[in-house]
Amino acid sequence: MNNIDDPESIESLDAKRDVLRQRMQAQRELIAIKLGPDKPDGSSFPRSNTMRFFYDRPGLASKLALEFASVLVGARIIKSMGKTIGLAKIVQAALNK
């Protein structure tokens, strides 16, 4: 345990705290560099780069959403048609016996 009355342990804790603060500040600066410059208006919304990309280009975002929805709907139709054709072949085979 650290003795509060011991001046050396207090100085040691102060030194450790200062080193930790310096490391944290260096990490913050590195993260800020990686994130890039802030927008001129200073807003931090949206935070993710992907959402910023879509937020700044609403036309592209809606076009991609429509394409994605059509792919999903198209996949469902194809899947259901495949099942229908398979069922029809089974019924046809049963009727031809």
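Predicted model: local features only at pLDDT ≥ 70, side-chain atom pairs only at ≥ 80, totals over all residues.
User: What makes up the fold of the protein, and in what order do the elements run from the N terminus?

Analyst: The protein has three helices and zero strands, and from the N terminus on these elements run α-α-α.

User: How do you know how much confidence the predictor places in the protein?

Analyst: The pLDDT is the predictor's confidence in each residue, on a scale from 0 to 100, and its mean for the protein is 79, with 84% of the residues reaching 70 or more. Confidence is highest in helix 1, at a mean of 89, and lowest in helix 3, at 78.

User: What makes the span of helix 1 close to the expected one?

Analyst: Helix 1, residues 7-35, contains 29 residues, and from its first C-alpha to its last it reaches 42 Å, which is close to the 42 Å expected at 1.5 Å a residue. Just after helix 1 comes glycine 36, whose phi is positive, at about 90 degrees.

User: Why is the contact between aspartate 14 and arginine 17 called a salt bridge?

Analyst: A salt bridge requires a side-chain nitrogen of Lys or Arg within 4 Å of a carboxyl oxygen of Asp or Glu. The side chains of aspartate 14 and arginine 17 meet at 3.2 Å, N to O, so the pair counts as a salt bridge. Both residues lie in helix 1, three residues apart, which is about one turn of the helix.

User: Why is arginine 17 called partly exposed, and how do aspartate 14 and aspartate 18 stand?

Analyst: Buried means under 20% relative accessible area and exposed means over 50%, with partly exposed in between. Arginine 17 has a relative accessible area of 39%, and it is therefore partly exposed. Aspartate 14, at 29%, is partly exposed as well, and so is aspartate 18, at 36%.

User: Where is leucine 60 found, and is it buried, partly exposed or exposed?

Analyst: Leucine 60 is found in helix 3, residues 58-95, and because its relative accessibility is 33%, it counts as partly exposed. Together with Phe53 and Leu64, Leu60 forms a nonpolar patch on the surface, and the three have about 240 Å² of accessible area together.

Notes: Residues numbered from 1 in each chain as written. Heavy atoms only, no water. Patch = residues over 30% accessible without salt bridge, like charges linked within 9 Å, V, L, I, M, F, W, Y side chains within 5 Å. Areas by Shrake-Rupley, 256 points an atom, 1.4 Å probe, with all protein chains shown as cover. Helix = DSSP H or I, 4+ residues; strand = E, 2+ residues; numbered from the N terminus. Buried < 20%, exposed > 50% of the residue type's maximum accessible area, 1.4 Å probe, protein only. Expected span 1.5 Å × (residues − 1).
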